Amino acid sequence: MSETFVLVTGAWHGGWAWRPVANELRAAGHEVHTPTLAGLGADDDPRGVTLTDCADSLVAYVESAGLNDITLVGHSWGGYVLTGAAPRLAARIRRLVFWSAFVPNDGESLIDACPPHYGEMFHALAAAPGNDTVTLPLEVWQQAFMQDADEETQRIVHSLLVPQPLGTFTEKPDTSAFTALDLPTAYVLSTEDLSLPGEWAWGNRFPQRLKNPLIVQTPGSHEGCFTRPAELADAFVRVCAAR
């Protein structure tokens, strides 16, 4: 059965990052949309962009495209965007899928949900250029986000990342409308994901915040959209087949 996927990226990425996965899904007969959120386009000015702005841009994309019966997928920070946008798009959503993604508690910013050293790093990086944006250091990308790729690939993909508006990490969401939703949910876990270590790991905290989620594991790192796109696409399709 053909599905309509809307794939939402994590921080520092635009819709381009989903291309390998989108190619796999389209080859299997599915419709795929990969919006770039507010402030994350290559030519966007990220200064002052908030989490609400990003959720608004996702809602506007889905509504302007006239999409219905969608499988809405969020990666990493994109889980915050799903949480903000899903209540407004509920009538258009078939299911929600969180892939190694944050599921925020009410009033919990991304920095609140990260290990303290990440929060300290993000604030320091945003202060350095003086424009309240965060550029992910190459060494963090290589060691914790995309460790299952060769160095050349790591450097090429890292060069495409864009500065992330700090406001998208510090805004404290109101999740009451999201919590009240009654939509099928799934949580996809990449088994070699090192981006949140130890007790902070994705599977230790976030699936439990969803209502009766289907949990699916898939191989790869936090950036499996580049390193294991066929397996990740298969995981999304398996979610659809099960729900």
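1. Let's begin with a term. A crossing of two helices is right-handed if the near helix is turned clockwise from the far one by less than a right angle, and left-handed if the turn is anticlockwise. With that in hand, look at the model above, which is a predicted one: helix H1 passes helix H12 in a right-handed crossing.

2. Stay with this pair for a moment. H1 and H12 (residues 229–242) pack at an angle of about 55 degrees, and their axes are 8 Å apart. Angles under 35 degrees count as roughly parallel and those from 65 to 115 as roughly perpendicular, so H1 and H12 are oblique to each other. On the H1 side, Pro20, Val21, Glu24 and Leu25 make the contact; on the H12 side, Pro229, Ala230, Leu232, Ala233, Phe236 and Val237 do. Sorted by type, the residues of this contact are nine nonpolar, no polar and one charged.

3. Helix H6 (residues 138–145) packs with helix H7 (residues 151–160) at an angle of about 125 degrees, with 10 Å between the axes. That angle makes H6 oblique to H7. The crossing of H6 and H7 is right-handed. Leu138, Trp141 and Gln142 of H6 meet Glu151, Gln154, Arg155, Val157 and His158 of H7.

4. Next come the salt bridges, 10 by count. In one of them, the side chains of Asp69 and Arg94 meet with an N to O distance of 2.3 Å. This pair links distant parts of the chain: Asp69 sits in the loop between helix H2 (51–64) and strand S3 (70–75), while Arg94 belongs to strand S4 (residues 93–99), 25 residues apart. Asp69 has a relative accessible area of 38%, so Asp69 is partly exposed.

5. Another salt bridge joins Arg209 and Glu108, with the closest N and O atoms 2.7 Å apart. Arg209 is in the loop between helix H10 (202–205) and strand S8 (214–218), and Glu108 is in the loop between S4 and helix H4 (110–113), so the pair ties together parts that are 101 residues apart in sequence. Are the two partners buried or exposed, or partly exposed? Arg209 counts as partly exposed at 26% relative accessibility, whereas Glu108, at 13%, is buried. The cut-off for buried is under 20%.

6. Arg228 and Glu231 form a salt bridge too, and their closest N and O atoms are 3.0 Å apart. Arg228 is partly exposed, with 29% relative accessibility, and Glu231 is partly exposed at 28%.

7. Finally, a point about the backbone. Most residues other than glycine have a negative phi. Which value does Trp12 have for phi? Its phi is near 75 degrees, a positive value in a residue other than glycine. You will find Trp12 in the loop between strand S1 (4–8) and helix H1 (19–27), and its relative accessibility of 5% makes Trp12 buried.

8. Although Ser76 is not a glycine, its phi is positive, at about 55 degrees. Ser76 lies in the loop between S3 and helix H3 (78–89). With a relative accessibility of 10%, Ser76 counts as buried.

Methods:
Residues numbered from 1 in each chain as written. Predicted model: local features only at pLDDT ≥ 70, side-chain atom pairs only at ≥ 80, totals over all residues. Heavy atoms only, no water. Salt bridge = Lys/Arg side-chain N within 4 Å of Asp/Glu carboxyl O. Helix = DSSP H or I, 4+ residues; strand = E, 2+ residues; numbered from the N terminus. Buried < 20%, exposed > 50% of the residue type's maximum accessible area, 1.4 Å probe, protein only. Axes fitted to C-alpha atoms, helices over the stretch in contact; angles between N-to-C directions. Parallel < 35°, antiparallel > 145°, perpendicular 65-115°, else oblique. Contact = heavy atoms within 4.5 Å. Nonpolar A, V, L, I, M, F, W, Y, C, P; charged D, E, K, R; others polar.
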